[in-house]
Each structure stands twice: as structure tokens, then as C-alpha cells.
Amino acid sequence: MRGTFDSTSALGNAMRQFDRAAGVLKLTPNQIAVIKQPRRVTEVKLPVQMDDGSVEIFTGYRVQHNVARGPAKGGVRFHPKVTLDEVKALAFWMTYKCAVVNIPMGGGKGGVAVDPRKLSTAELERLSRRYFAEMIDLFGGDRDIPAPDVNTGPQVMGWFMDTYSMHRQEFLPEVVTGKPPELGGSLGRETATADGVAICIREAARHLKIDLGGARVAIQGFGNVGSYTALNLYRDGARVVALSDDTGGYVYEEGIDIPRVMDYTRANRKLQGIETAMPELIPLEDPMEILEWDVEILVPAALENMITKENAEKIRARLIAEGANGPITTEADDILDERDVFIIPDILCNAGGVSVSYLEWVQNRMGYYWSLRRIQEDLDEIMTSAFRAVLHMSQQHHVNMRIAAFLLGIQRVTTAAEMRGLYA
Ligand code: NAD
């Protein structure tokens with residue numbers, strides 16, 4: 001596959017993004033020292049018994065980046081390329097994401113270097129429980145609250161919650177969000193990240209005067225974020241003309257029938273081979289081509305560093321909505337900025353997931369559960385006001401949306417850190 005993705009530089013990109021915003025805000029070295037680096041970094045070795053009786057050792061991480069505004073919050077990723085630096089970058093983004101949408105939480109992230117597709121369900125359960133048990137003292141509804149990320153979903157969250165509750169001998173659903181609704185999960189959490197992406201696209205399209213009806217869209221990644229974003233845009237009348245996942249890329253100029261694609265991926269867990277079920281879809285030799293497709297709106301919803309200085313010049317979209325975390329490198333950001341491409345940055349664009357996670361945590365603590373309608377209304381309110389606050393910041397300081405989002409987030413985190421002071 002053309003276009004290499006290099007997870008080790010995600011942290012470098014994150015640090016450069018911080019430095020740019022800190023420069024605009026003229027933060028002092030002391031302020032920077034307190035909020036830039038992670039506060040707690042944990043690495044563990046996880047022995048897991050495989051179905052054939054052998055034992056495999058996996059490496060797991062949890063990073064708590066900043067907890068000035070509340071308990072650490074952030075997903076756990078299961079992916080073969082997970083590294084400590086990647087988890088640090090993702091935890092850093094969570095701190096500022098929570099601050100941008102103004103929920104009372106800090107930033108955390110976890111990961112295990114594993115290809116879950118190679119594990120049986122029983123092996124995956126043993127690995128998930130071992131991960132949670134190994135770091136049990138880090139977690140808690142007032143300390144650090146994990147959630148789903150790449151390759152982890154409601155079932156893994158259910159195992160996390162059960163492991164914690166069994167150890168503590170109490171029913172403690174608030175230790176993790178993104179659980180199945182039967183275990184205290186919030187209605188609307190599964191689609192929340194994508195719903196937030198769609199709300200941001202709606203607001204950006206209004207600002208840029210792009211008519212969403214019939215607008216051409218390309219989406220990279222067809223997992224939780226990519227597939228529901230595709231469905232939202234399809235329902236809004238946009239024309240999704242290009243799609244990809246890690247097994248293939250497909251185009252159809254008339255507009256892809258997204259509900260049918262979702263039926264296929266639900267049954268097959270990948271896009272590969274879909275042309276047999278939907279012959280109108282044309283497979284691409286190189287799935288990375290969809291990033292350069294002739295569209296108005298591009299949604300990278302896979303992994304970091306997909307848009308780099310190698311392909312940024314060739315991107316034709318006017319609007320990029322970062323469903324994924326860190327999909328654009330800082331060099332590519334500069335190229336796109338010069339070309340006036342409007343980017344909705346990850347720490348705003350995909351914050352719908354953590355926003356509904358927060359609503360789930362609130363419901364767990366009350367033991368009282370809200371309707372889907374109420375959740376969707378609250379999410380719309382949170383995302384719309386965050387989008388408008390970031391846009392306002394960008395106009396006020398004459399900076400792009402990414403720097404504006406960091407300005408807003410960093411101001412809130414700095415204020416909280418200073419008001420708490422240093423406990424000596
Ligand atoms: P997921 O595991 O459900 O889906 C990931 C998708 O990306 C899969 O379709 C996979 O095939 C695809 N992919 C991987 N490598 C690819 C490549 N090289 N080219 C094309 N596609 C590729 O994960 P997800 O939860 O949808 O997460 C996707 C992104 O969104 C990640 O960056 C994640 O951190 C971010 N995110 C997720 C949430 C959430 O609530 N799930 C919230 C905020 C941000």
C-alpha cells in the first residue's frame with residue numbers, strides 16, 4: 001500500500017501542535033512544564049493463556065496525561081502497531097479534547113500491542129481482563145475512566161467493567177464508558193463519535209456555504225467512526241463516492257448505498273470482496289487514492305499520519321473532518337492551510353464520543369437513565385457550541401481551526417491547573 005503511516009511520529013506532531021498554540025498564548029515556561037507532558041505513564045507485560053495451552057506475553061500501556069480538570073478519560077486501543085509514544089500522543093489529545101467540549105475530565109489513553117483478529121473470543125476476553133486487572137489501581141470512576149477505541153467496543157468494555165466490579169465486590173459501571181446498554185451503557189454512545197462528526201460537518205458546511213445535499217464525500221476507515229459517519233452523511237443527502245478500510249478501497253460516482261455496505265461489513269467484518277455483493281463498486285488498486293479523490297468533503301476515520309507532505313498537495317477536498325485522531329501531520333497541515341482547506345481538527349471533530357461517554361458516566365453515578373432523544377439533544381448542544389467557540393477563537397486570533405481549538409483547550413487546562421496550584 002502506498003503512503004506509509006508512521007505511528008512513532010504522532011507524538012512529535014502532537015508536541016508541535018501544542019508549541020504553536022502555546023506560542024500564540026505566550027505561555028510561560030512554568031505553565032508549559034505543568035500541562036505539556038503526561039503525568040503518569042504505565043507499561044505492563046500481560047501473560048495470556050492461549051487456547052492451545054501456550055502462554056503469550058503482550059505489552060499494555062496506560063497514560064494519564066493531565067487530570068487538572070477531572071479524572072483521566074480516554075479509550076483503549078488494541079492494534080499491532082500500538083507504541084508508548086502513540087499512546088502518549090493520544091492521551092495528550094484527550095486532555096485538550098475534553099477541555100474543548102468543556103466536560104469536567106482530563107486526558108488518558110491506553111493500548112495493547114496485539115492483532116485482535118488473530119485471537120479467539122476467549123483469548124480476547126482473557127487479554128482484556130488481564131489488562132484491566134494488571135492496572136486496576138489506576139482506574140476508577142473518580143480516577144481514570146477508559147472507553148472504546150480502535151478494535152475495542154462494547155463487549156471489551158463489558159469485560160473491563162466486570163473485572164473491576166468483581167475485584168471491588170461492588171457494581172461499579174462508572175469505571176468505564178461505551179458499555180453495552182444492558183450493563184449501564186448510554187443509549188447513543190455507539191454512534192456518538194460519528195454523530196459529533198456529522199454535527200461538525202453540518203456547522204462547517206453552513207459556514208463555508210457548501211450545500212450538503214449532493215455534496216461529494218470520501219471516507220477513509222469503515223469501523224465505528226467511519227461507518228456511522230458515512231451513514232449520517234448518506235441520510236443527510238450527501239453522496240459518499242469513495243470508501244476504504246485496511247482491506248481495500250472502493251468508489252462509485254453515483255453515490256454508494258451505505259446501508260447495504262454496512263450489512264456487508266457487519267457480516268464479513270471487512271470491505272474486501274464487497275464487489276461480489278455490490279457489483280457497482282469499483283475496487284481501487286491503492287486504497288490510499290481515496291484521500292485524493294475529487295470530493296468536497298474528506299473524512300479520514302482510520303489512524304494517524306495518513307495525510308502527509310507526500311499527498312497533501314493532491315488533496316482536492318475543501319473541507320476535511322478529522323474523524324480519526326491525528327490523521328494529518330504538521331507538515332501536511334501547513335500545506336493544506338496555505339491552500340485554504342478548512343480542517344475540523346480531531347480534538348473538536350471526534351469529541352462526540354467522549355461527550356456521550358461523559359453523559360454515560362453521569363447516568364451511572366445517578367443510577368437514572370435518559371432517553372436517546374435527550375442524549376442526542378445534549379450531544380448536539382455540546383458539539384454545536386464547541387464548534388462555534390472554536391470558530392470564534394479562530395476569527396478572533398486569525399488562526400486556523402486547529403490552533404484555535406488548542407487555544408481554547410489550553411486556556412481552560414492552564415486556568416484549572418493554576419487555580420489548583422502545586423501541592424508541595
Ligand atoms: P475501528 O477499529 O472501529 O475502525 C478502524 C477502521 O480503520 C477499520 O475499518 C480499519 O479497517 C480502518 N483502517 C485501519 N488502517 C487503515 C488504512 N491503512 N487504510 C484505510 N483504513 C484503515 O476504530 P474506530 O473506533 O472507528 O476509530 C477510528 C479512529 O477514530 C481512531 O483514530 C480513533 O482513535 C478515533 N476515535 C474513535 C472514537 C470512538 O468512539 N470509537 C472516538 C474518538 C476518536
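The structure is a predicted model, in which local features need pLDDT of at least 70 and side-chain atom pairs count only at pLDDT 80 or more, while totals for chains, interfaces and linings use all residues. Residues are numbered from 1 along each chain as its sequence is written, and side-chain values use heavy atoms, with hydrogens and water left out.

The ligand has 23 residues around it, of which Asp 149, Thr 193, Asn 224, Asp 246 and Asn 325 come nearest; a residue counts here if one of its heavy atoms lies within 4 Å of the ligand. By class, this shell holds 8 nonpolar, 10 polar and 5 charged residues. In this scheme Ala, Val, Leu, Ile, Met, Phe, Trp, Tyr, Cys and Pro are nonpolar, Asp, Glu, Lys and Arg are charged, and the others, Gly among them, are polar. Domain 1 (37-172) and domain 2 (192-349) each contribute at least three residues to the shell, with the domain bounds taken from an automatic or database assignment.

In the side chain of Arg 77, an N or O atom is 2.9 Å from a ligand oxygen. From the backbone, Asn 151 places an N or O atom 2.9 Å from an oxygen atom of the ligand, and a polar backbone atom of Asn 224 is 2.8 Å from a ligand oxygen. The protein covers 89% of the 830 Å² of accessible area that the ligand has on its own, as computed by the Shrake-Rupley method with a 1.4 Å probe. Two or more residues of the shell come from each of α6 (189-208), α7 (224-235) and β7 (239-245); helices (H or I, at least four residues) and strands (E, at least two) are DSSP runs numbered from the N terminus.

Empty space in the protein comes next. Rolling a probe the size of a water molecule over the atoms shows where such space is left. On a 1 Å grid over the protein atoms alone, a cavity is a set of points where a 1.4 Å probe fits but cannot get out, whereas a pocket is an open set with protein on both sides within 12 Å along at least five of seven lines; lining residues have an atom within 4 Å of a point. Grid points are joined across faces, edges and corners, and a volume is the space filled by probe spheres set on the points.

The second largest pocket has a volume of about 390 Å³. Among its 15 lining residues, Arg 39, Asn 66, Val 67, Ala 68 and Arg 420 lie nearest its centre.

The largest cavity has a volume of about 50 Å³. Its lining consists of Gln 17, Arg 20, Thr 330, Asp 333, Asn 400, Arg 402, Ile 403 and Phe 406, and α14 gives the most, with 3 residues.

Methods: A polar contact is a pair of N or O atoms within 3.5 Å; within protein, one must be able to donate a hydrogen and the other to accept it, and residues adjacent in sequence count only if both atoms are side-chain atoms.
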